[in-house]
Amino acid sequence: MHSLNVKKSRYLSLLLLFLFFVPVSCVQKRLGINNNIIYRNGMVVCAYPDAAQVGLDILKKGGNAVDAAVAVQFALAVTLPEAGNIGGGGFMVYRSKTGESNTLDFREKGPAEANVNMYLDSAGNVIPNMSLYTHKASGVPGSVDGMVQAHSKYGKLKWADLVQPAIDLARNGFKITKHLAADLNHTSGQFKKLNPGKTYLMKEGEWQEGDILIQEDLAKTFEQIRDKGRDGFYNGVVADQLVAEMKNGDGLISKADLQNYHSVWRKPIIGNYKGYKIITMPPPSSGGIALLQLLQSVERYPLKRWGYNQDSTVRLIVEAERRVYADRSKYLGDPDFYKVPVDSLLRPAYITARMSSFSWDAATPSTSIQPGTFIGYESDQTTHYSIVDGDGNAVSITTTLNDTFGSRIFVQGAGFLLNNEMDDFSSKPGIPNMYGLVGGKANSIQPGKRMLSCMTPTIVEKNGKLFMVVGTPGGSTIITSVFQTIIDVIEFDQNMQQAVASKRFHSQWLPDEVATEAGALDSATVIKLQSKGYKITGRGGIGRVDAILKTKQGYEGGADPRGDDTKLGY
Ligand code: DON
């Protein structure tokens, strides 16, 4: 007994010594609990480790969530060239520590020269890839203006201090991960083809994990942004470079387009799910409305009793998704150009009526429009980051170039990639875009109009307090991934990391199928669903959710294991 106690106390002192001298993160890693560390003060979850570190440093310096978001946005433009950007756009949902909320729309806009038939040939057919991999595929970028607006309204630290980390990362370089090396290698042929005579992001031979990526031109562009703010991008040398690039490649974006670009503060879309308040993005995202429609559609059913990814749960969700994506194709577009019937779409009686055609006997067929083909279906390169600061202010931002590396065309001399967001417009009614989404008049191309988006940055409150900050990339699967993550936590009691890592399934009306990640549904469930007429297909990763949950103990992060996503807190 005595020797046992001696042994025990020896072990105890050894453990204390160990805990004292070994950094906490190391201990947590060794004890295998680093996947669910609770942080008391603040947290950053984003898609690249170096960018997460930049955000955390800003929080620790006393910056608030918006300061950290600006720094993360720019750091991701360096470290995650697939999606992080200054040549694209995005959406921010903000909730202050006292519960006021706001959203910022920094989505790209159609250039003044854009027109409804710009991707059609003389016979009226869509010209393949024209809205994707040409200079004409780019909308007028909104990210820099968005960050300037967000900072001037809510920021605390000096602008220059938020841009500087991006300059340092671009100039000094950073180690590339296996994923980034693979993405760069995979796209190198297209980079060469679309950027003859240029070298940015290209090298002799293959990129390897651990290579250092230096982007001197991008560092210079960021110096302009650091020193001149908005004018550093929309006027002066960078604007000249962008317009010259457009002229060389027969693109449309002009000096006037750049000067006229302004992001817009919009009233959030707010709804309820079983007492949780959902604060999310209004049009020109379809995400917020669709998310609330989905939540309302399933609210009165006993999901918890049916269980996570069980056949009744899946059937109900798929039927809700079918109806919601059908609405999206007709009614959703840029509210500055098209009157989106927000209230009607969210009216409880309307949702109930929509769901009344759902029958347990068989799947409802989606037959009204030709099914889409899915070019680039596997790509998931938009990016989302969630941030909470020491005071409890929260930021949820999803930002994108659209496809992985956008149009794959970069601005000569300025070292950044251009978006191919124009593909999110409906090039022709009923013809699917790269995500298989169809649209019509509401989302037709017009000069100065914003293309419809699925991006769904969202903040959830419980009892008037911050509960969750959530969002994801994934094209059309964004809405369903955000929806499933929320449901996984609220209904199926998953913690944040589990919910983010959970295997997902997705259905979007057209094509009439249920796309599933490997392992999302067990074989008995698949057989049951098939027997009721559901077409089950397999696909690669669905979404890359980065989220934060506020629990009694503190902040719990969920960094999606499908990528290099990283959660850091303090
Ligand atoms: O705004 C949208 O909905 C799309 N441009 C997002 C693209 C995306 O998530 C890329 N990943 N698949």
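Me: How far is a polar side-chain atom of Arg107 from an oxygen atom of the ligand?
Reply: That distance is 2.9 Å. Before going on: this is a predicted model, where local features need pLDDT of at least 70, side-chain atom pairs count only at pLDDT 80 or more, and totals for chains, interfaces and linings use all residues. Residues are numbered from 1 along each chain as its sequence is written, and side-chain values use heavy atoms, with hydrogens and water left out.

Me: OK. Which polar atoms lie by a nitrogen atom of the ligand?
Reply: A polar side-chain atom of Asp424 is 2.5 Å from a ligand nitrogen. A polar backbone atom of Gln381 is 3.2 Å from a nitrogen atom of the ligand.

Me: And how much of the ligand does the protein bury?
Reply: The protein buries 99% of the 340 Å² that the ligand exposes when taken alone. Those areas come from the Shrake-Rupley method with a 1.4 Å probe; for residues, only the protein chains shown count as cover.

Me: New topic. Where is Glu319, and is it buried or exposed?
Reply: Glu319 is in helix 14, residues 311-331. Helices here are DSSP runs of H or I with at least four residues, strands are runs of E with at least two, and both are numbered from the N terminus. Glu319 counts as buried because its relative accessible area is 0%. Buried means under 20%, exposed over 50%, and partly exposed in between, with a 1.4 Å probe and protein chains only.

Me: What does the Glu319 side chain make polar contacts with?
Reply: One partner is the side chain of Tyr534, at 2.6 Å. Another is the side chain of Thr364, at 3.0 Å. A polar contact is a pair of N or O atoms within 3.5 Å; within protein, one must be able to donate a hydrogen and the other to accept it, and residues adjacent in sequence count only if both atoms are side-chain atoms.

Me: Now the backbone. Which residues does a cis peptide bond join?
Reply: One joins Pro283 and Pro284, with omega about 20 degrees. Another joins Leu510 and Pro511, with omega about -5 degrees. Most peptide bonds are trans.

Me: What about Lys274, what is its phi?
Reply: Lys274 has a positive phi of about 50 degrees, although it is not a glycine. Lys274 lies in the loop between strand 8 (269-273) and strand 9.

Me: Is Lys274 buried or partly exposed?
Reply: Lys274 is partly exposed, since its relative accessible area is 37%.
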